Amino acid sequence: MSVLVVYESMFGNTETIAEAVAEGIRREGQQSPPGQSVTVVPVTEAPTHLPDDVTMLLVGGPTHAFSMSRESTRADAVRQGATGTPRLGIREWIDSCEPRADLPVHTFDTRVHVRMMPGSAAKQAAIALRRKGFERAKRGESFWVGGKDGPLSHDEVVRARAWGAFLAEALTPA
């Protein structure tokens with residue numbers, strides 16, 4: 001049993017959230033059967049063929065232009081000081097990934113905290129994953145950043161850990 005967390009991060013905020021979600025799963029996972037692991041990988045290192053022992057997949061990325069990033073929006077972020085790579089994001093990874101219809105998948109994103117701001121990378125990623133064949137893909141959480149390069153809004157890391165603990169409950173046998 002294992003959880004794979006795949007993330008795309010340009011300014012480091014989504015990476016911080018991915019690690020916090022994993023911490024929440026691990027904390028709750030202490031009550032789970034031995035052998036459960038949580039692996040966090042950047043999208044550039046994520047496998048396109050998911051190992052059979054992966055029992056839950058989490059996919060997260062920043063919201064760019066109301067959706068998942070594109071090569072052009074990632075290149076623009078790099079011009080603005082981001083350290084991420086413009087060549088590969090979760091959009092491209094989903095396109096290249098081999099689907100598993102039975103695998104529970106939850107998406108998450110980071111977004112600038114602007115009142116009534118439309119669009120979400122998490123929503124679009126869940127749609128793309130279902131279209132790809134991940135029938136159990138669900139939109140998860142959005143985590144707020146104060147501006148394009150952050151910082152994360154107050155208590156978002158705490159909220160990410162709590163969400164991870166909530167997800168871990170689904171892994172615990174009844």
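**Contacts, sheet and cores**

Author: This is a predicted model. Among contacts in the protein between residues at least 6 apart in sequence, 76% join residues at least 24 apart.

Reader: OK. What does the secondary structure come to?
Author: Five helices and five strands. From the N terminus on, the order of elements is β-α-β-β-α-α-β-α-β-α.

Reader: How much of the protein counts as buried?
Author: Of its 174 residues, 48%. The accessible surface is about 8500 Å², and 51% of that belongs to carbon and sulfur atoms.

Reader: Now the sheet. In what order do the strands come?
Author: The order is 2-1-3-4-5. The sheet is open, and its five strands pair in parallel.

Reader: Which are the edge strands?
Author: Strand 2 (37-42) and strand 5 (137-145), since each pairs on one side only. On average, neighbouring strands of the sheet are turned by 20 degrees against each other, direction ignored.

Reader: What holds strands together in general?
Author: Strands of a sheet pair through backbone hydrogen bonds.

Reader: Which residue in strand 3 is the bridge partner of leucine 4?
Author: Leucine 57. Leucine 57 also has a bridge partner in strand 4, namely valine 105.

Reader: Is strand 3 enclosed or open? What do its residues say?
Author: Eight of its nine residues are buried, so strand 3 is largely enclosed by the rest of the structure.

Reader: Which strands does helix 4 lie across?
Author: Helix 4 (residues 121-132) lies across strand 3, strand 4 and strand 5. Its direction is at about 160 degrees to strand 5. Helix 5 (residues 156-171) packs on the sheet as well, touching strand 1 (2-7), strand 3, strand 4 and strand 5. Helix 5 makes about 165 degrees with strand 5.

Reader: Switching to the inside. How many residues has the largest nonpolar core?
Author: It has 22. Those with the most contacts inside it are Val3, Val5, Ile17, Val21, Ile25, Leu58 and Phe108.

Reader: Which element gives the largest share?
Author: Helix 1, with six residues. At least two residues each come from strand 1, helix 1 (13-29), strand 2, strand 3, strand 5 and helix 5.

Reader: Pick one of those residues. What does valine 21 touch?
Author: Leaving out residues up to four places away in sequence, valine 21 touches Leu58, Ala160, Trp163 and Gly164.

Reader: Buried or exposed?
Author: Alanine 121 is buried, with a relative accessible area of 0%. Not counting residues up to four places away in sequence, alanine 121 touches Gly61, Pro62, Thr63, Ser67, Met68 and Asp109.

Reader: How far is alanine 121 from alanine 65?
Author: They are 56 residues apart in sequence and 9.2 Å apart in space, C-alpha to C-alpha. Alanine 65 is found in the loop between strand 3 and helix 2 (71-79). Alanine 65 is exposed, at 58% relative accessible area.

Reader: What about the phi of alanine 65?
Author: It is positive, about 50 degrees, although alanine 65 is not a glycine. In general, most residues other than glycine have a negative phi. Aspartate 155 also has a positive phi, of about 70 degrees.

Reader: Where does aspartate 155 lie?
Author: In the loop between strand 5 and helix 5. Aspartate 155 counts as partly exposed, at 45% relative accessibility.

Reader: Last one. Which residues does the cis peptide bond join?
Author: Glycine 150 and proline 151, with omega about 5 degrees. Proline 151 lies in the loop between strand 5 and helix 5.

Terms used
Residues are numbered from 1 along each chain as its sequence is written. This is a predicted model: local features need pLDDT of at least 70, side-chain atom pairs count only at pLDDT 80 or more; totals for chains, interfaces and linings use all residues. Side-chain values use heavy atoms; hydrogens and water are left out. Two strands pair if DSSP finds at least two bridges between them. Helices (H or I, at least four residues) and strands (E, at least two) are DSSP runs, numbered from the N terminus. Axes are lines fitted to C-alpha atoms, for helices over the stretch in contact, and angles run from 0 to 180 degrees between N-to-C directions. Contact means heavy atoms within 4.5 Å. A nonpolar core is a set of buried Ala, Val, Leu, Ile, Met, Phe, Trp, Tyr and Cys residues joined through side-chain atoms within 4.5 Å. Buried means under 20% relative accessible area, exposed over 50%, partly exposed in between (1.4 Å probe, protein chains only). Accessible areas come from the Shrake-Rupley method with a 1.4 Å probe; for residues, only the protein chains shown count as cover.
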